[in-house]
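These are my notebook entries on a structure that I had not examined before. I set down what I looked up, entry by entry.

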Amino acid sequence: MLPEEIRHRLETRIAASAHPRELVVDVMYELQNHYGFLNDVALREVAELLQLTPLEVEELATFYDFIYRRPVGRFVLHVCDGVVCWMFEEQSALDYICKLLGVAPGETTPDGQFTVLPTVCVGYCDHAPAMLINGKLYGPLTPEFIDRTLEELRSISCDLVLCR
Amino acid sequence: MTEKVLFLNQKFDRPATLEEYRENGGYGALALALEKYAPGQVCDLVAESGLRGRGGAGFPTGRKWLSFAGRKQGPRYVVPNTDEMEPGTFKDRVLVNCDPHLVLEGIILAAYAIQADQGIFFIRPSYEQDAQLIEGELNRAREAGYLGKNILGSDFSFDIEVHRSAGRYICGEASAQVRAIQGYRPNPRKMPGLHLTERGLWDQPTLVNNAETLACIPAIVSRGPQWFKKIARTPSGAGTKLFCVSGRVVRPGCYELPMGTPLREIIEQEAGGMLPGSEFKACLPGGASTRFLPKKQWEVPMDFESLKKIGHQLGTSSIIVFDHNTCLVAATINLLNFFVRESCGWCTPCRDGLPFMRHLLLEIEHGRGKEEYIPMLRSMAGQMRHAYCAFAPGAAEPVLGLLEYFEDEVREHLSRGKCPCRFSDAGGGFRRKQCLT
């Protein structure tokens with residue numbers, strides 16, 4: 001169940017909008033951040049808030065790659081596999097991260113900390129090879145930099161959320 | 001010293017503030033336009049300047065604006081497009097972070113010119129930090145009277161809000177972007193004879209312009225269209241351009257240079273030349289949707305017409321540099337992987353044709369290629385022009401470039417029965433595939 005405070009804030013915004021449907025991405029983000037991912041309950045709540053059918057929300061949720069319909073870890077690693085990053089490391093940054101965390105692309109570590117997602121060009125080609133972690137840029141990636149970054153993130157108690 | 005239009009207030013480590021922007025004449029163009037020019041006159045100035053869209057297609061900006069004259073009354077919208085998902089392209093991110101108010105002033109001037117009521121700043125999720133920056137600066141602009149009701153005491157009212165996207169390359173296509181904002185599945189949508197400038201957002205006249213295009217407007221208004229046109233180094237160009245350089249160069253980055261600056265000069269002087277041990281083999285001159293450009297053509301002036309003359313496109317003017325060790329068949333597979341994943345799936349040429357081209361190239365790369373694959377690839381790439389929108393024809397460009405300029409390399413894969421490359425150290429501790437020859 002969505003906490004009253006979030007529901008109220010969203011309802012106020014929706015009521016003030018001339019075209020409530022315009023807010024669907026924002027509402028999906030908000031519920032995703034609350035639940036950790038856009039689960040079936042969240043999907044129905046988005047639909048109900050915006051007076052859409054769950055199917056209408058689903059066709060958007062599954063279209064966008066920053067909306068997660070399956071559980072993700074506390075940190076989502078969007079590892080860029082655009083052509084510039086590829087040129088520098090030929091997917092080996094992705095391979096390295098997967099090996100280090102013991103997961104395949106798309107999987108989450110058993111402790112629920114990290115999800116690794118290969119992602120199209122993230123727009124930081126001047127920092128190639130690059131990745132986004134919960135929306136924040138990390139690059140240029142080297143094995144040592146990746147080791148250090150993931151180690152630091154493990155020990156962070158607060159959630160770092162820019163965009164996920 | 002090159003004249004700066006877009007990076008005039010560049011601080012390198014932080015965005016310019018509203019005060020710094022104003023000290024250098026910022027918002028002067030808006031005050032001038034509101035006081036001296038009728039909306040149609042602003043459109044005329046832009047048309048006269050020769051400005052062409054910086055998002056990739058290069059459509060004359062003034063002509064687009066002038067088409068609003070006589071459109072139906074009622075709400076009109078301006079959509080500054082900062083989706084920027086073309087691989088190799090990061091200029092709008094750098095621009096917004098360099099001088100946010102320059103972009104905002106450009107949007108407000110565009111809104112005045114076409115008499116829009118509302119702006120919707122479309123930003124991709126990877127640029128969330130920029131979305132937050134823009135929201136903060138919008139507040140400052142509002143407090144200073146540049147946005148809201150009766151801007152600078154005039155009878156013109158306009159405001160801007162940020163629309164956060166949740167990803168997908170196709171949202172950069174104007175008609176798809178309009179659908180994305182409305183909360184519909186963002187497939188491109190075309191209505192015969194009807195343009196977005198007539199029926200866009202919520203069926204109202206809508207102007208979608210790239211952020212860099214809009215950032216050129218204040219200078220055109222304050223310094224004049226002729227001044228703007230003459231900054232270019234070629235008669236066919238106009239203004240300056242943000243060139244993103246990435247790949248195997250010493251200083252990857254975003255550089256503001258006059259339109260028409262030769263490609264070689266951008267790579268060798270601005271980007272510091274090739275990395276040690278790397279030789280220039282080819283580049284994509286305008287992002288992933290353009291053709292590989294070989295060294296024999298690298299003296300070309302970087303403007304729309306000069307590139308067109310030699311069979312290339314300026315695109316987003318994002319120069320992705322490949323060195324002599326990079327297998328261009330493998331690079332093309334990477335590019336097709338991108339397009340296959342990002343296709344919205346609406347039409348068959350794109351949805352089925354792109355994976356088929358990728359399949360043929362993978363067979364070639366893995367030593368299982370056949371002679372007939374080459375004409376098949378050529379034909380398939382040519383057929384992409386029948387796709388519903390510009391996505392698939394763009395995706396076909398690197399394939400066409402590969403076959404046009406590097407057919408020998410493709411054939412070497414066939415004759416050797418394998419890729420003539422091997423893995424080696426990429427620097428930074430990662431492995432990288434390199435050509436043996």
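This is a predicted model: local features need pLDDT of at least 70, side-chain atom pairs count only at pLDDT 80 or more; totals for chains, interfaces and linings use all residues.

The entries below begin with chain A and then turn to aromatic rings and the charges over them.

**Entry 1: elements of chain A.** I looked up the secondary structure and found 7 helices and 4 strands in chain A. Read from the N terminus, the order of the elements is α-α-α-α-β-α-α-β-β-β-α.

**Entry 2: extent and burial of chain A.** I took the span of the C-alpha trace along its principal axes, which is about 50 × 30 × 25 Å. Chain A has 164 residues, and 58% of them count as buried. I then looked up the surface: chain A exposes about 6,900 Å². Carbon and sulfur atoms supply 55% of that area.

**Entry 3: contacts and charges of chain A.** I considered the contacts between residues at least 6 apart in sequence; 62% of these join residues at least 24 apart. For the charges, I recorded 13 positive and 25 negative ones in chain A. Their mean positions, positive against negative, are 3 Å apart.

**Entry 4: aromatic pairs.** How many aromatic pairs are there over all chains? I recorded 16, counting rings whose centres lie within 6.5 Å. One of the pairs is formed by B:Tyr27 and B:Tyr146, which are stacked with 3.7 Å from centre to centre and 5° between the planes. I asked which parts of chain B this pair ties together. B:Tyr27 lies in the loop between α1 (18-23) and α2 (28-36), and B:Tyr146 in the loop between α7 (128-143) and β3 (159-164), so the pair links parts of chain B that are 119 residues apart in sequence.

Entry 5: I next looked up B:Phe156 and B:Phe158, which form a stacked aromatic pair. Their centres are 6.1 Å apart, and the angle between their planes is 10°. Are these two residues buried or exposed? Both B:Phe156 and B:Phe158 are buried.

**Entry 6: an aromatic cluster.** I recorded one aromatic cluster formed by B:Tyr169, B:Phe338, B:Phe339 and B:Phe391.

**Entry 7: charges over rings.** Over the face of which ring does B:Arg168 lie? I found B:Arg168 over A:Phe63, at 4.3 Å from the ring centre; this places a residue of chain B over a ring of chain A.

Technical notes: Residues are numbered from 1 along each chain as its sequence is written. Chains are lettered from A and ligands numbered from 1 in the order in which they are written. Side-chain values use heavy atoms; hydrogens and water are left out. Helices (H or I, at least four residues) and strands (E, at least two) are DSSP runs, numbered from the N terminus. Buried means under 20% relative accessible area, exposed over 50%, partly exposed in between (1.4 Å probe, protein chains only). Contact means heavy atoms within 4.5 Å. Accessible areas come from the Shrake-Rupley method with a 1.4 Å probe; for residues, only the protein chains shown count as cover. Lys and Arg count as positive and Asp and Glu as negative; His and the chain ends are not counted. The place of a charge is taken as NZ of Lys, CZ of Arg, CG of Asp or CD of Glu. Rings of Phe, Tyr and Trp (its six-membered ring) pair if their centres lie within 6.5 Å; planes under 30 degrees apart count as stacked, over 60 as edge-to-face and the rest as tilted. A charge sits over a ring if NZ of Lys or CZ of Arg is within 6 Å of the ring centre and within 35 degrees of the ring normal.
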